[in-house]
Amino acid sequence: MTNVESLWVYLHETPLLWLTVTLAAYTIADGISARAGRRPIANPIVIATALIIAALLATDTDYKTYFSGAQFVHFILGPATVALAIPLVDNFKQIRRAAVPITLALVAGSATAIVTAVGTAWLLGAPHELLMSLAPKSVTTPIAMGLSQTLGGLPSLTAVLVVATGIFGAITVTPLMNLLKVTDPAARGFAVGLASHGMGTARAFQANVLAGSFAGLAMGLNGLMTALLVPLLTLLF
Amino acid sequence: MIAALTLLLLCQLGGEIIVRLLALPLPGPVAGLVLLAAGLAIFGRVPESLRSVSTGILRNLALMFVPASVGIITQIDRLETYGVALAVSIVVSTLAAMTVTALVFRWATLRVNRSETREGPAS
């Protein structure tokens with residue numbers, strides 16, 4: 001009994017366990033997503049997250065211990081972002097041809113994302129630091145957390161809001177675009193990448209590579225645009 | 001494969017250095033993306049090993065978001081108090097942003113195509 005206990009105490013603290021749990025949860029989640037015909041509601045990120053949170057709660061493990069193992073997966077986000085250059089270069093001709101729609105959609109979409117997020121929460125009575133935490137929620141986590149800090153928001157809350165936005169956009173983009181009768185993969189990809197950063201981009205790559213390229217492009221451009229627009233908010237709120 | 005991974009990390013490292021030296025409001029990896037894209041544009045083609053490694057990583061992009069996503073458990077107290085306001089805000093704003101972006105994109109694409117056809121077959 002004590003042997004089992006000391007083994008658990010050892011395993012519980014080692015990065016190996018939580019790295020393995022992360023990969024296992026994702027493998028299961030991806031399998032479920034595939035069996036569900038890649039329907040948007042069966043989002044692999046949501047399923048994997050739910051499985052892992054259940055495991056953390058069941059074993060009374062805190063996030064810090066979990067992240068000591070999961071950080072190895074988290075780290076690959078960096079090179080993965082750099083790797084988005086390849087589909088971008090592959091589709092460079094289409095992107096250059098779409099320079100005008102890209103520019104206009106970027107400015108309109110970026111401003112809409114910021115103003116509607118902060119405006120809605122303000123109407124619902126959320127305090128100032130929450131509004132500032134929400135403002136950069138459509139952009140990729142490292143930019144969003146930096147902006148939240150500058151604005152006087154709570155970076156750790158922003159990280160969560162970014163994730164929630166990413167998941168919600170990834171789940172709703174397909175039905176929304178079908179409803180709006182937008183069929184162009186470039187427009188669909190650009191919209192989800194702008195509103196839902198890397199998670200939206202991951203979803204767009206599931207649909208097709210062209211949509212994924214435009215999503216990755218939108219993610220990068222909206223990171224810049226939001227960094228430029230968000231400081232204006234401090235004048236309003 | 002290792003050479004391709006090294007190239008990705010070198011671009012990221014270069015990106016981090018540029019962002020810090022110039023104090024740009026950008027994450028290092030995004031600057032690294034720009035570096036790699038510029039490099040590939042100059043080089044003229046994507047090397048096969050870089051393509052296969054990158055495709056492999058991007059195919060599993062969703063996995064890399066899982067650790068950050070699990071971080072939701074650290075914010076449960078705040079979500080209990082303001083969860084509804086935050087959730088409504090995210091729903092409204094994400095749908096609005098996607099709608100506006102897609103419609104403006106489509107409208108501008110149609111405008112550009114129409115003016116190109118009007119100018120005739122010269123192009």
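Read along its sequence, chain A runs α-α-α-α-α-α-α-α-α-α-α-α-α-α. That comes to 14 helices and zero strands. The model is predicted, so please read every value here as computed from it. The radius of gyration of chain A is 19 Å, close to the 18 Å that the globule rule gives for 237 residues, so chain A is as compact as a globular protein of that length. Among its contacts between residues at least 6 apart in sequence, 62% join residues at least 24 apart.

Chain B has five helices and zero strands, in the pattern α-α-α-α-α. Its radius of gyration is 21 Å, well over the 14 Å that the globule rule gives for 123 residues, so chain B is more spread out than a compact globule. Here are the two chains side by side.

| Chain | Span of the C-alpha trace along the principal axes | Buried share |
|---|---|---|
| Chain A | about 70 × 40 × 30 Å | 54% of 237 residues |
| Chain B | about 60 × 45 × 30 Å | 40% of 123 residues |

**Where the chains meet**

In the contact between the chains, 63 residues of chain B meet 89 residues of chain A. On the chain B side, the elements that give two or more residues are α1 (2–22), α2 (28–43), α3 (48–59), α4 (66–70) and α5 (76–118). Which of them gives the largest share? That is α5(B), with 26 residues. By type, the residues on this side of chain B divide into 47 nonpolar, 13 polar and three charged.

**Helix α1 of chain B**

**Two spots in chain A**

Helix α4(A), residues 63–75, bends by about 55° at G69(A). G69(A) is also one of the buried residues of α4(A), along with Y66(A), A70(A), V73(A) and H74(A). The cover over these buried residues includes α2 (15–35), α3 (44–58) and α5 (77–83) of chain A, together with α4 of chain B.

Another glycine worth a look is G169(A), in helix α11 (residues 155–180) of chain A. Why does G169(A) count as buried? It has 27 other C-beta atoms within 10 Å, and 20 or more is the cut-off for a buried residue. Leaving aside residues up to four places away in sequence, G169(A) touches V192(A), A195(A), S196(A), M199(A) and G200(A), as well as T94(B) and M98(B) from chain B. The C-alpha atoms of G169(A) and T201(A) are separated by 9.9 Å, while the two residues are 32 residues apart along the chain.

Conventions. Residues are numbered from 1 along each chain as its sequence is written. Chains are lettered from A and ligands numbered from 1 in the order in which they are written. This is a predicted model: local features need pLDDT of at least 70, side-chain atom pairs count only at pLDDT 80 or more; totals for chains, interfaces and linings use all residues. Two residues are in contact if their C-beta atoms, placed from the backbone, lie within 7 Å. Helices (H or I, at least four residues) and strands (E, at least two) are DSSP runs, numbered from the N terminus. Ala, Val, Leu, Ile, Met, Phe, Trp, Tyr, Cys and Pro count as nonpolar, Asp, Glu, Lys and Arg as charged, and the others, Gly among them, as polar. The radius of gyration is taken over C-alpha atoms; the globule rule is 2.2 Å times the number of residues to the power 0.38. A residue is buried if 20 or more other C-beta atoms lie within 10 Å of its own, exposed if 12 or fewer, and partly exposed in between; C-beta atoms are placed from the backbone. The bend at a residue is the angle between axes fitted to the seven residues ending there and the seven starting there.
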